[in-house]
Amino acid sequence: MSNAERPWMNPDLSVEERTEALLREMTREECISQLLQVRVDQVTSEQLQGALGSVILAASATAGNDAQEESSAEQVDALQRVAVEESRLGIPFISGRDVIHGHHTVFPVPLGQAASWDPDLVEQGCRVAAVEASADGIHWTFSPMVDICRDPRWGRIMEGYGESVHLMAELGAAAVRGYQTEDPSAPDAMAACAKHFAGYGAAEGGRDYNSTEITRSTLQDVYLPPFEALVKAGCLTFMSSFNEIDGISSAANPFLLDELLRKRWGFDGFVVTDWDAVRELLAHGIAADGAEAAAKCLNAGADMNMVDGLYAEHLPALLAEGIVSEASLREAVRRILRVKFRLGLFERPYTGKRVVDRAPHKQLARNVAARCCVMLKRGRSLPLPEEESLALLGPLATATQDLFGSWTLDGIPGEVLSLLDAFREAEPERKILHADWGDSSGMDHAVAWANRVLLVLGESASRSGEAHSVGDPTLPPGQTELLEQVLRLGKPVILLVIAGRPLVLPEAAQRCDSILYSFHPGSEGGRGLADVVLGRVEPEGRLPVTLPRSVGQIPLYYDHKPTGRPTDEYHRPEGSPGGMRLIDQPGSPLYRFGYGLGYSRYELGEPRVLEASIENGIRVELQVKNVGEHAGSTVIQAYTRIPVAERSQPVRQLSAFQRVRLAAGEEMRCTLQIQPEILAYTHLDGERRVDAGPVHLWIGLHASDGKRIELSL
Ligand code: GLC
């Protein structure tokens, strides 16, 4: 067909006009083919010649912890030539891959990035990921994951931005901006994917894929707002989740995929089901066979079928029998074509050869790894005093690939510097002694000679991630004993924990002089963490999740409900009297949501409420002064509570935050804007809206900080 016969190739037409022009030409078979996503290791020329919708650059159900074939522009372009030049209509496929926290340059896992409390930093990292991944022929990433998680046993807690609705929404939207930019058709942009829609992080017991028990109001007030924020950010695709809510798998849930996503939120991109999720309706027991599963999912609004082949197998008959309508089929195709036009795939189906300068990417990754490190206890060992010798011990002291964390498909292990090598590179003249775990005499010797110890404990990359939940989220076996052994040697210990989840730390951790926490810091994590310990970069991280005191406390999260017998254990000052929900231990966390230390101290002035209305939300300002001896950064956090409502509301909810940077002695006026929708909740009629009436407000440096301000909307 010439371009004259292909009006959809006319870039002067609108996306809608081009979509309709192409859709009119497509046969039923070509329409069905557009809804299919096939594995790159199984795709055939015949499928490509028949208008295949998508190729997934993954070859296993749990790509996050399985080695994956490298993807390359050459490989994708070769397949694309078949699709574009050997098919009737020349429709390009969209390639997809899990670029979750970086591509070749690996950033901290998303939970680690969340510790930055810096949307701009997250956006920069995702921008770098898109530049690198698009150069390898990746058109679409299955990221950001915005599943709220309140249970550190869940392996995929590492993949999202923590337990707070507002922080998740802000950072998820930043990720979308980073991947797609204002112009998703730019050569170095790629489509984002809001996943897993919805409620996947509520898996009972933190056991992956497990049932969730989510009430309608909790679904709408906790698990859904981050996804709505991503629609507003222009996210081009959604992925339905594996889990069932109220017995209905999200892949076949018309309330989620149609009523909410389309009709209420106005999302006009497309939905892809998760790996095999259509077929999983059989296991859920809500479809008797593949045909019923395919019909339920497509009719619910699941447009593209990831890899299980049930749409290909059953749609022809389902359409012939009228169980799936032609209109439903074509609406699904319309959504997919719309995204492809917006991505510029028809203008630029091929990537070609691109050279990417990764040096600035690595520098950024190093800076992010350092800034996302959370200092839980400073003591006298941070930053490491000049000239002092250091014994660098522990199972993660020489780790390289494990610094990546889970969901790293395209990192380059060979370029990762371990912590030990990073210290030696940074300060070749400093005396650093190392002994492997298990070399007891070597460790004794190293500690005897050193002024201080840096003990690096924590998790391998594969102890978290998909299908990698744990029943005991404490330090892996033997590490507590190692900590005790090192403490007995009598030198000051800096404990550095590197993990994919908030771990329950042993009592011995409190006997360390200093404590740092890093959620798998990525390919430049060794250098970044060395920069922190050596004082080159201030640890700026603030916890995006609660660190429980014990496994028995789980789930423990900051935005809990008051109940009829409030104990306020989470937010009550340490040691203050009050009720106990458990008789054998306190109910307060070891470290609270939003907590983290820096090298300076800050004084917050009296907050002044400038505005409080249903229309405009709450605007509040306060003076912030750095009263320490060093320049530094902190995060001013605003929390609200609706004290009286139709349904009981959380005791506190993060509602606004702002990172500030101040020189020693410098002060500034900080203004925080709490958007009205953050004060909305699901009323008895099932609708979310904001009430006029009282609101409590706290401004502070973590979830339990600040004095209560009472105001009224
Ligand atoms: C996996 C994950 C999903 C991922 C997809 C493709 O099972 O649940 O997050 O994007 O399959 O790898």
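## Accessibility of A320

A residue counts as buried under 20% relative accessible area, as exposed over 50%, and as partly exposed in between, using a 1.4 Å probe and protein chains only. A320 is exposed, because its relative accessible area is 63%. This is a predicted model, in which local features need pLDDT of at least 70 and side-chain atom pairs count only at pLDDT 80 or more, while totals for chains, interfaces and linings use all residues. Residues are numbered from 1 along each chain as its sequence is written, and side-chain values use heavy atoms, with hydrogens and water left out.

A320 belongs to helix α13, which covers residues 310–320; helices are DSSP runs (H or I) of at least four residues and strands are runs (E) of at least two, numbered from the N terminus. Although A320 and E30 are 290 residues apart along the chain, a distance of 15 Å separates their C-alpha atoms.

## Two buried histidines

H103 sits in the loop that runs between β3 (94–97) and α5 (110–114), and it is classed as buried because its relative accessible area is 0%. Its side chain makes a polar contact of 2.8 Å with the side chain of D136, that is, a donor and acceptor pair of N or O atoms within 3.5 Å. Once residues up to four places away in sequence are set aside, H103 touches S71, A129, E132, A133, D136, I138, D410 and G411, where contact means heavy atoms within 4.5 Å.

H683 is likewise a loop residue, placed between β23 (681–682) and β24 (688–689), and it is buried because its relative accessible area is 1%. A polar atom of the H683 side chain lies 3.0 Å from the backbone oxygen of Y681. Beyond neighbours within four places in sequence, H683 is in contact with E646, R647, R689 and D691.

## Helix α1 against α14

Helix α1 (residues 15–25) packs on helix α14 (residues 326–342) at an angle of about 130 degrees, and their axes are 9 Å apart. The pair is therefore oblique, since angles under 35 degrees are roughly parallel, over 145 roughly antiparallel, 65 to 115 roughly perpendicular, and the rest oblique.

On the α1 side the contact is made by V15, E16, R18, T19, E20, L22 and L23, and on the α14 side by R330, V333, R334, L337, R338, F341 and R342. These residues divide into six nonpolar, one polar and seven charged.

## Helix α6 against α7

Helix α6 (residues 119–135) and helix α7 (residues 165–180) pack at about 35 degrees, with their axes 7 Å apart. From α6, the residues P119, V122, E123, C126, R127, A129 and A130 meet E170, L171, A174, A175, R177, G178 and Y179 of α7. This contact comprises nine nonpolar, one polar and four charged residues. A129 of α6, which takes part in this packing, is also one of the residues touched by H103.

## Helix α15 against α19

The axes of helix α15 (residues 359–371) and helix α19 (residues 525–533) come within 7 Å and cross at roughly 50 degrees, which means that α15 is oblique to α19. Here R366, A369 and A370 of α15 make the contact with G525, R527, G528, L529, D531 and V532 of α19. By class, four of these residues are nonpolar, two are polar and three are charged.

Conventions: Axes are lines fitted to C-alpha atoms, for helices over the stretch in contact, and angles run from 0 to 180 degrees between N-to-C directions. Ala, Val, Leu, Ile, Met, Phe, Trp, Tyr, Cys and Pro count as nonpolar, Asp, Glu, Lys and Arg as charged, and the others, Gly among them, as polar.
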